[in-house]
Amino acid sequence: MDGRDALPAWLTARRLTALVGHSGTGKTEVAVNMALTLARGGVKTALADLDVVNPYFRSRERQDLFRELGIRFVSSAQAMVDADVPSLPAELNALLQDGSLRSILDIGGDSGARVLGRYRRQIAGQDSQMLFVLNARRPQVSTPEAAEWNVRRIEDIMGLPVAGIINNTHLCGETTAEDILLGASLAEEVSRKTGIPVVCHTAERSLAERLPALAEPVFPIEIYMKKPWEK
Amino acid sequence: MITVAKELWKGNEAIAEAAVRAGCRCFFGYPITPQNEIPEYMSMRMPQVGGVFVQSESELAAINMVYGAAASGVRAMTSSSSPGVSLKQEGISAMCSGELPGVVVNMMRGGPGLGTIQPSQCDYFQATRGGGNGDYRTIVLAPCDIQEAVDMTQEAFDLADIYRMPVVILGDGMIGQMMEPIEWHDIPKRELPPKDWTASGRKGRDHSNFVTSLRIDAADCEQFNLSLEAKYKTIAEKETRWAEQDTEDCEILVVAYGTPSRIALSAVEELEAKGIKAGLFRPRTVWPFPSERLAQIAAQPGLKAILVVEMSLGQMLEDVQLAVKGAKPVRFYGRVGGMIPSVEEIAEEAEKILREVQ
């Protein structure tokens, strides 16, 4: 299918997109949805799981889906993850160098960003952007001050600037439009304080249709990272 | 300022915050996956609330620091995962003997030995039988979601103070690692006994308090054991907890605790959608075990079989068998070593059992 025209501009703005943010804000779910949307839109896509902090609920659990859609999936060996070894896959270099690939890099929360500091120069020299995933329902980043502090800390750790904010405010299966709107106003305040633009708001497809108009685009997502009891 | 009704928390962080809100002011621990966010969070929070955080040199040191802090009357806690909790058993036994309150979190991972960092329930025997030496028990709370983990952690400190003993929060790794919305609310107020036994200074008393686990005189030691037994009997009467769903007229009853109980619940719903009368029984305390209620359900004439589901090779199974006393067939389905049973596997097993017992 050629859905390239339908792809939102923020998603295709850069060849490399690294997702950072406070732990548990939903970076993996956003990364998986971005990669799947790109691939379904006919773009040659890669997804890298570079989380060296979380042992569970990793994008590797959906590898079958990535294979089906021809997404190049890069991650450390399961053995490394299960041995608590904070290793990065050598194959990551391919994503940084192959100009024909659009790549989504899923980075671990907070100081998990440190792992990518090693690739600072390669990333900075590329057509790349670092996006900050924000969830207003995460108490540690629920105020503009706390969120700004988190943005600056990650920028310090990475040695790279955050180029945009993704409002990914949710409460797992209990998310309402109100949550997303609360996140939109938090994102707006963080944007005002930092000068970093809001790039989009995520919402589960059914909820996305019911949202009032927002200044930035809504990115309709599906939940792929499910718990073992969820349908 | 944004007012937040529900918040999104990671299990380990939420348990740590719940402990802080329950008045925990000493945390001692040593890193091990999948519970690392507990000490990490405590290292940030303890200084903020005037408490003490120590990353000890070992798990053994951590539990003995809890012993010391508890003896001085402070609410103290340690956390670890399976191999680390094994190392703490000597200290837990000593705390039971010294009648010291404390909270121990075990985010279980696959064993034996170092095993794997993936989730498991393989420490049920260790937790419910008293994993160290001596005739003792600990209260063992088994949350199935983060809200329950938060509530139970706060209650654990009260239970520990009321009965002067360690209380174990037994979570499988998923409880620690997953994200869920929770709300903070006050737990029911319990009447707490005065801490007049602590080794925290004489304070004008006519005697010194002495905390020990040594009772050299055999007759004394026997009397002490009998007093513990009486305490455990009271706990079994007053603190046994469970939850159940659709148990009134079920023909197959699934028994599970922790996160597998949620997978089992999805399986029960799947069976019900097919017209099969299925029910779920979920122990919320695994010691004391809700044997009495389980025996009542087992005696229901319509019930044909019981299926126990665990992330082990059958440990709680024995408590179910002891409770059911052969009244109905008790079968088992488990996954181990960090593997997680699926909704489909449980539902299929239940259907297979029903065909076999017809």
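Modeller: Arg205(A) has a relative accessible area of 43%, so Arg205(A) is partly exposed, where buried means under 20%, exposed over 50% and partly exposed in between, with a 1.4 Å probe and protein chains only. This is a predicted model, in which local features need pLDDT of at least 70, side-chain atom pairs count only at pLDDT 80 or more, and totals for chains, interfaces and linings use all residues. Residues are numbered from 1 along each chain as its sequence is written, chains are lettered from A and ligands numbered from 1 in the order in which they are written, and side-chain values use heavy atoms, with hydrogens and water left out.

Biologist: What makes Arg205(A) and Glu222(A) a salt bridge?

Modeller: A salt bridge is a side-chain nitrogen of Lys or Arg within 4 Å of a carboxyl oxygen of Asp or Glu. The closest N and O atoms of Arg205(A) and Glu222(A) are 3.9 Å apart, so the pair meets that definition.

Biologist: Why is Glu37(B) called buried?

Modeller: Its relative accessibility is 7%, and the limit for buried is under 20%. Glu37(B) forms a salt bridge with Lys10(B), the closest N and O atoms being 3.0 Å apart. Lys10(B), at 5%, also counts as buried.
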